[in-house]
Amino acid sequence: MPFSAVSRQFLTAALVHLAAAGTVLLLGSYVGALTERWDLLVWLLLIGFIGFTTAGFALHLFPTISRRPQPPRWVAQGTFLLAEGALALGAVGLSNVAPAPFSRGMVVLGALLFLACEGTILGLFARQLSQPQLLIRGPDARPGDAVTVPLFLASWTAAAGSGGLFVLSGFTGGPGFGWWLAAVHLFVLGHAILLVTAVSLRLVPRSLDADVSRPVVYTLVALAISGAWLVPLGMLALPPTSAADLALFAAPEAAFAVLFVTVLIVLVHRARTPRPEAGLHLTSVTLFLIGGAIGLWMVSESDYALVVAHALVNVLGFVGLTILFMWFGMVAPFQRISHAWTRRMLGVLAAAWVLGVVAAVTAGVGGWPHVGWLSPLAGALLLGVAITWGVGTVPVLYPRINPLPGMTSGDLRVIRDRWRHR
């Protein structure tokens, strides 16, 4: 099924926002990307890149997996406008270029628009489920299919909850670790990871032609949902001085991460049609384990020097790398040249992405001498990935771009012939 106009807008904008985040990181110490403007970088990555990507793919996938008609175009278009307004206003407020009262007001307004956007998408999904199912034949059912729709709804419920916490953070710091940190964790653990789980349980078994049992699927989902809410609730309930107790709230999320890795290993072992992308999936979930271990170490020691590294491993390493290979699976950038180009460019961009994550995490550790150049390197790599990714994606999303920007049909034939047997 072709992408709708709104999904194309969301996905294109996501790469633009990734490029903006890469630019902020590239400027490094000049703008305080990992220090005083750290929240701006988080906003661009979470709301601008991850949030726009999840919205674009969800508006495309949900009607199919729920077997319901497409949502009204004007409502879906409204979600994109709300999301862009939220991103822009929040970014201006978090950049601290204006006086404090004005910046705080911009953050609150941006968070309100974000809350309205996520609430509208959740309402769209609920409205679609209230309509009769379309009588169309879908693929044969697999154990993970039964949890796809509930996970989508749970994911956007968490996104709306995160938006509410972001709004509160604009007025006051909040209890415990504060509204802002709770909002960030609820968005990552409750929105992004639940959606990754839903898509993984639906698409990976089909891609590898292998399954795990239904009880394992239900256990994985139960751990994911409970962990997604318990971690931010624990951060609000416990003061930083009693942070060691937060490990109890994080136990379901830790168990989820271990089980998720185990499920992927089992699927790869049982695969009837092995796929190289499964290696990237295992790499991304392993990074989630590493990021979670850093977080547990921080709260157990009440030492938060690694907070930036913890965030970057989870956001860029786990969620970002997952988006990269799933995007290539669903959009297939560079297919206008050839599918061989798509496969090769996935490998190239994944390698550059992992290198960028390593550089950003090392720069974010802080206190290490002679690593100031790593932040610009990470930013340059992310910016280069975003631009290259967009060059391959935009012509696929918008087929009227013919054949590719700045190229003639003859140029395209030369490239195809050159790479046909390589």
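Visitor: How far does helix 3 (residues 73-94) reach from its first C-alpha to its last?
Guide: This is a predicted model, in which local features need pLDDT of at least 70 and side-chain atom pairs 80 or more, while totals for chains, interfaces and linings use all residues. Residues are numbered from 1 along each chain as its sequence is written, and side-chain values use heavy atoms, without hydrogens or water. Helices here are DSSP runs (H or I, at least four residues) numbered from the N terminus, with an expected span of 1.5 Å times one less than the residue count. Helix 3 has 22 residues, and its reach is close to the expected span, at 32 Å.

Visitor: Which residue with a positive phi follows helix 3?
Guide: Helix 3 ends at residue 94. The residue with phi near 60° that follows helix 3 is asparagine 96.

Visitor: What span should helix 1 (residues 5-27) have at 1.5 Å a residue?
Guide: Helix 1 is followed by glycine 28, with a positive phi near 50°. Helix 1 itself has 23 residues, and the distance between its end C-alpha atoms agrees with the expected span, which is therefore 33 Å.

Visitor: How do helix 11 (residues 339-365) and helix 12 (residues 374-397) run relative to each other, roughly parallel or roughly antiparallel?
Guide: Their axes (lines fitted to C-alpha atoms over the stretch in contact, with angles from 0 to 180 degrees between N-to-C directions) come within 8 Å and cross at roughly 155°. Angles under 35 degrees count as roughly parallel, over 145 as roughly antiparallel, 65 to 115 as roughly perpendicular and the rest as oblique. Helix 11 and helix 12 are therefore roughly antiparallel.

Visitor: How many nonpolar residues are in the contact of helix 11 with helix 12?
Guide: Residues that meet (heavy atoms within 4.5 Å) include Met345, Leu349 and Trp353 in helix 11, and Leu374, Leu381 and Trp389 in helix 12. Ala, Val, Leu, Ile, Met, Phe, Trp, Tyr, Cys and Pro count as nonpolar, Asp, Glu, Lys and Arg as charged, and the others, with Gly, as polar. The contact of helix 11 with helix 12 has no charged residues and 4 polar ones, and its nonpolar residues number 15.

Visitor: What is the angle between helix 2 (residues 38-66) and helix 5 (residues 148-169)?
Guide: Helix 2 is roughly antiparallel to helix 5. Their axes lie 11 Å apart, and the packing angle is about 150°.

Visitor: How many polar residues does the contact of helix 2 with helix 5 have?
Guide: The helices pack with their axes 11 Å apart. By class, the contact of helix 2 with helix 5 has 10 nonpolar residues and no charged ones, and the number of polar residues is 3.

Visitor: How far apart are the axes of helix 6 (residues 179-208) and helix 9 (residues 277-301)?
Guide: Helix 6 and helix 9 are roughly antiparallel to each other. They pack at an angle of about 155°, with an axis separation of 13 Å.

Visitor: Which residues of helix 9 make the contact with helix 6?
Guide: Helix 6 and helix 9 pack at about 155°. Helix 6 contributes Leu189, Ile193, Ser200, Val204 and Leu208, and helix 9 contributes Ala278, His281 and Phe288.

Definitions and conventions: Helices (H or I, at least four residues) and strands (E, at least two) are DSSP runs, numbered from the N terminus.
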